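Morning, everyone. Please bring up the model on your screens, and we will walk through it together.

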Amino acid sequence: MKKLALPDDILMQIDKPARYIGNEFNSVIKNPADVDIRFAMCFPDVYEVGMSHLGIAILYDMLNKREDTYCERVYSPWPDLHNLMKERNIPLFALESQDPIKDFDFIGMTLQYEMCYTNILQILDLAGVALLSKDRENDDPIVVVGGPCATNPEPIADFVDLVYVGEGETSYPALLELYKMHKADGFDRASFLREASKIPGIYVPALYEVTYKESDGTIESFKPIYDDVPAVIERQVVKDMDSSSYPTKMLIPFVRAIQDRVVLEIQRGCIRGCRFCQAGMIYRPNREKSVEVLKAQAKELLAATGHEEISLSSLSSSDYHALGELMDFLINDCLSEGVNVSLPSLRIDAFSLDVMSKVQDVRKSSITFAPEAGSQRMRNVINKGLTVDDIIGGATLAFKGGWNKVKLYFMLGLPSETDEDMKAIPQLANDIAAAYYETVPKEQRQGRCQITISTSFFVPKPFTPFQWAPMYEAGEYLRRAKVVNDEMKAQLNQKSLKYNWHHSDVTVLEGVFARGDRRLCPAILDAYNSGCFFDAWGEYFDFDKWLAAFEKNNISIDYYAYRQRELDEILPWDFIDCHVSKNFLKKEWNNAMAGNVTPNCKMGCSGCGSAKIGSGVCQNAR
Amino acid sequence: MRVRIRFEKTGIMRYVGHLDLMRFFQKAVKRSGLPIRYSEGFNPHQIMSFASPLGVGLTSEGEYMDIDIKREVSSAKGIASLNENMVEGLAITSFKYLPDDAEKCMSAVTAASYIVTYKDCKDDACYIENICDLKEKFFDEAACINIVKKTKKGERELDLKPLIYRFNVEVKEGVPVYDLLLSSGSTDNIKPELVIKAFHEYLGLPEFDELSLDIHRVDMYTGEPDSFVSLGDIGDER
């Protein structure tokens, strides 16, 4: 029988023990003695969230295709198990072999959102690995992180040995080969890290020195300590999506994952250029897979997993060039086999409504719009090319087709937002409700229509045109939500409207981390030591502990979140080259302030800088 | 065509709950390529039903599920194609075509047999030397075994005696091993831990912890106490 790291009495008292036993169908079993490199791939959140993540699935498959490497999975133990592991000194283990990850060569973690930073420390702490990079010794694992937050890794610089900036498919082979060479040659941690820093996309925080201006505390200089360490790290991107490594045998978790379905990545990057959206900038250029490759991958994945549902993954599926052909294929080939097709958020038009009516029960499902802002002025500021006519027209078509539920997503706290812009949110919802009552005759209505408004608070992110924008204090966000709520109650169709908004404390913290620098590290460490982890989970988020940790370390939220940054300020992430140039971002910031709309990449090239990669949409446009 | 599938759930699979197991089987059947029948409607689902759910922590060699398939597949091929899609701790052991009048496994179950022992060879019960004699007094010679059963609605008094069809004990390497055949199914579902708890109380042992037991289900039966038939003995291989 497979061995387990946790004893029976623990497994019987914790929630969902199947999170910790491994043994999932399609999981990879190797003999650790047969490999040179043991890699613990970790998603620093609970199993059900981590198992849903496509990036880990891709890297797990890719690394395990190497004969010299055994990649295993690790997720954050839920607090119930966390406490028991601490109490009984049980070291954190990998799911496949159940071996302690302290003995592995690498611990890799993906940073999908800022609020997982304390969970990085939890993983290291439970593993028994020193929390600070500088305290690790030759036989400790190399701690490497990647993912979207690696585009500003500075707030966690002290905790990690390496940062992989960009898409994992490209530079891992070089990194692993280098590691093998050093391991065979009497491993010296410092010299390995020094050499690794020369691999494209690999950033070694310890090899850089930052100085700050005495006047205002902003960065004075940011440079490598040694001449042979690159001053700029170029984000790595896959050039050809069709030939890029993609797993056909996805793992089947026992505990239901958030994504309990085949997820088919149809493209990377987005042509739209919404100014608030980090993904829309850092994943440039937009690179599509060919429809033939997607059809083959869909079939293979369904056969290898037995999933009864397939969904498409991308930032903007409606922009995929052959969406009609792909949907026809999925509907004809999959529906008949008992496989449901779950739709990504599509632009609502005649095409998408036709597709939706084939795969969903119209009476039960809803249509979704993400206008992100209520007024046309504000939508121009954020470069969201969606007009009132698009929305009302799409909703009217949907109402004719039998739908009566609409979900609307907005952001509050966008740069230059006024009370009029906020009030435009419920007004737009009211107009949609009015369109329902105009479109659908009384005798055909099944009760009222339901328009649900959700707002989140805007957080400025690095490498977006809004990276210089100020945030607001928590109380101001709530005031803005109240403006929306009060205005909603003044609407004629208010009984058809519903409004949800988010908490604001966590927004402020997310804002601090998103644009933070390495001076935040001691505060994050103190927060973890005072009991903060699973901060992304409302029931475990404790803002007061964070405030205490900030105060103790002289961290000013004002400095990181609320101030307007100058366009010529050295930003903590300026050393990373995401291909989109700082000049383009500045131009876009000015366009935003002037309310000018910038065309999307298929309409014409706006010269963001990613054309130098020579891939995807940049090639088609020229 | 209805097929009854018997399977084992052992080893570390004991930590996987019933709902998770059902979802595992839906995907495994799909992967196996068996021509399973689907329900109608917008969210078609496989026509598949399970006999009495096994609790987390228990193992079994006698679990059952019934499925509807569209065309005949040989029993050997059915077993092989499913076993290719199992994981360690799950194994298909039979695949039989049910007669038209066979009751669904879910509602057919009337009894289940178990082997129960202690995880810890130093459990209090291991120090009772005349445990076999005491078992006779507790069970064989008793006219009734009244216990208080906690239900969702509160507590009710229950006589276990007519619901225990077999209760044997033998001591192996110093540890008592119980062999039980108990009423099971939708009415009067008696869990083995309930019986052992009553026995512990009779023995005068301190606080009973059901997690101290290692419970293994051997088989499930249908019919009446004098003519129990294993669910796995119904139907034919083809």
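In chain B, 32% of the 238 residues count as buried. Keep in mind that this is a predicted model.

What is chain B built from? It has 5 helices and 11 strands. Along the principal axes, its C-alpha trace spans about 55 × 35 × 35 Å.

Now the contacts inside chain B. Take the pairs at least 6 apart in sequence. Of these contacts, 71% join residues at least 24 apart.

Next, the domains. Chain B is divided in two: domain 1 covers 2-98, and domain 2 covers 109-227. How far apart do the C-alpha centres of these two domains lie? The answer is 29 Å. The domains of chain B do touch: 9 residues of domain 1 are in contact with 10 residues of domain 2. On the domain 1 side, that gives 4 nonpolar, 4 polar and 1 charged.

Chain B also meets chain A. Here 23 residues from chain B and 25 residues from chain A take part in the contact. What is the make-up of the chain B side? It divides into 10 nonpolar, 6 polar and 7 charged.

Over to chain A, and one sheet. As a reminder, strands of a sheet pair through backbone hydrogen bonds, either parallel or antiparallel. In chain A, 3 strands form an open sheet, in the order 10-13-14, and the pairing is parallel.

Which strands stand at the edges? They are strand 10 (262-265) and strand 14 (340-342) of chain A. Each has a single partner strand, so one side of each is left without a neighbour in the sheet. On average, neighbouring strands of this sheet are turned by 25° against each other, direction ignored.

Zoom in on one pair. Strand 10 of chain A is joined by 4 bridges to strand 13 of chain A, residues 309-313. Find A:Leu264; opposite stands A:Leu312, in strand 13 of chain A.

Finally, look at what packs on this sheet. Helix 9 of chain A, residues 291-305, does so, touching strand 10 and strand 13 of chain A. The direction of helix 9 makes about 160° with that of strand 10 of chain A.

That's my tour. Thank you.

How values were computed:
Residues numbered from 1 in each chain as written. Chains lettered and ligands numbered in written order. Predicted model: local features only at pLDDT ≥ 70, side-chain atom pairs only at ≥ 80, totals over all residues. Helix = DSSP H or I, 4+ residues; strand = E, 2+ residues; numbered from the N terminus. Buried ≥ 20, exposed ≤ 12 C-beta atoms within 10 Å, placed from the backbone. Contact = placed C-beta atoms within 7 Å. Nonpolar A, V, L, I, M, F, W, Y, C, P; charged D, E, K, R; others polar. Domains from an automatic or database assignment. Pairing = 2+ DSSP bridges. Axes fitted to C-alpha atoms, helices over the stretch in contact; angles between N-to-C directions.
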